[in-house]
Amino acid sequence: LRGKAGDTMLRGEKIVFTGKLDTLSRKQAQALVTALGGKPQAAVTKDTTILVIGKVTTNLFQEDSRSLKMQKVEALQQEGLLISVLSEKAFLEQVSAHLNQVVGMMNVTGK
């Protein structure tokens, strides 16, 4: 995730969520991405830059416990595309660190 001064860390990022999120609803998470300059996506595409993984529900009849979105990301990574995979916690920690940085810059500049 980028973090240049004066720019939001999610600007231009295309983010997909998979699994059940603990702290936010899917709609809230997508709204947060939009507010920080990113673009939430419903499905993984070649344009996706970040996959955020919540809790995955397992199905006893599934051979592969990874979500279909995770499987798609891994296939795209094997083709050479750079897609970051973050846990929900890591995503929220990075968002929080970015917001703290923005507040700190606002305090320094007196805005």
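With a relative accessibility of 59%, K89 counts as exposed, where exposed stands for over 50% relative accessible area, buried for under 20% and partly exposed for the range in between, with a 1.4 Å probe and protein chains only. The model is a predicted one, in which local features need pLDDT of at least 70 and side-chain atom pairs count only at pLDDT 80 or more, whereas totals for chains, interfaces and linings use all residues. Residues are numbered from 1 along each chain as its sequence is written, and side-chain values use heavy atoms, with hydrogens and water left out.

K89 forms a salt bridge with E93, the closest N and O atoms being 3.9 Å apart; the term requires a side-chain nitrogen of Lys or Arg within 4 Å of a carboxyl oxygen of Asp or Glu. Because the two residues are 4 positions apart in helix α3 (residues 88-109), about one helical turn separates E93 from K89. E93, at 45% relative accessibility, counts as partly exposed.

## Chain overview

The secondary structure of the chain comes to 3 helices and 4 strands, taken as DSSP runs numbered from the N terminus, with helices being H or I of at least four residues and strands being E of at least two. Along the sequence these elements follow the pattern β-α-β-β-α-β-α.

Of the 111 residues in the chain, 27% are buried. The chain exposes about 7,200 Å², of which carbon and sulfur atoms supply 56%, the accessible areas coming from the Shrake-Rupley method with a 1.4 Å probe and, for residues, with only the protein chains shown counting as cover. Among the contacts in the chain with a separation of 6 or more, 75% come from residues 24 or more positions apart, a contact being a case of heavy atoms within 4.5 Å.

## The parallel sheet

The 4 strands form an open sheet in the order β2-β1-β3-β4, with parallel pairing; two strands pair if DSSP finds at least two bridges between them. Strands β2 (39-41) and β4 (84-87) stand at the edges with a single partner strand each, so one side of each is left without a neighbour in the sheet. From one strand to the next, the twist averages 30°, with axes being lines fitted to C-alpha atoms, for helices over the stretch in contact, and angles running from 0 to 180 degrees between N-to-C directions.

Strand β3 (residues 50-53) runs parallel to β4 and is joined to β4 by 4 bridges; within this pairing, L51 has V85 in β4 as its bridge partner. Helix α1 (residues 26-35) packs on the sheet, where the helix touches β1 (14-18) and β2, and its direction makes about 165° with that of β1.

## Helix α2 on the sheet

Helix α2 (residues 68-78) also packs on the sheet, touching β1, β3 and β4, and its direction makes about 145° with that of β3. The buried residues of α2 are M70, V73 and L76. Seen down the axis of α2, these residues fall within an arc of 125°, so they line one face of the helix; the arc is that of the directions from the helix axis to the C-beta atoms. The buried residues of α2 pack against β3 and β4, while L68 and Q78 are exposed on the other side of the helix. Just after α2, G80 takes a positive phi of about 100°.

## Residue T18 in strand β1

T18 lies in strand β1 and, at 6% relative accessibility, counts as buried. When neighbours within four places in sequence are left aside, T18 is in contact with R26, L51, V52, I53, G54, S67 and K69.

## Salt bridges between loops

Side chains of opposite charge can pair when their charged atoms come close. The count comes to 3 salt bridges in this model. One of them brings together the side chains of D22 and K55, at 3.4 Å from N to O. D22 lies in the loop between β1 and α1 and K55 in the loop between β3 and α2, so the pair ties together parts that are 33 residues apart in sequence. Both D22 and K55 are exposed.

E79 forms a salt bridge with K46, with 3.6 Å between the closest N and O atoms. This pair links distant parts of the chain, 33 residues apart, since E79 is in the loop between α2 and β4 and K46 is in the loop between β2 and β3. E79 counts as exposed at 54% relative accessibility, and K46 counts as exposed at 57%.
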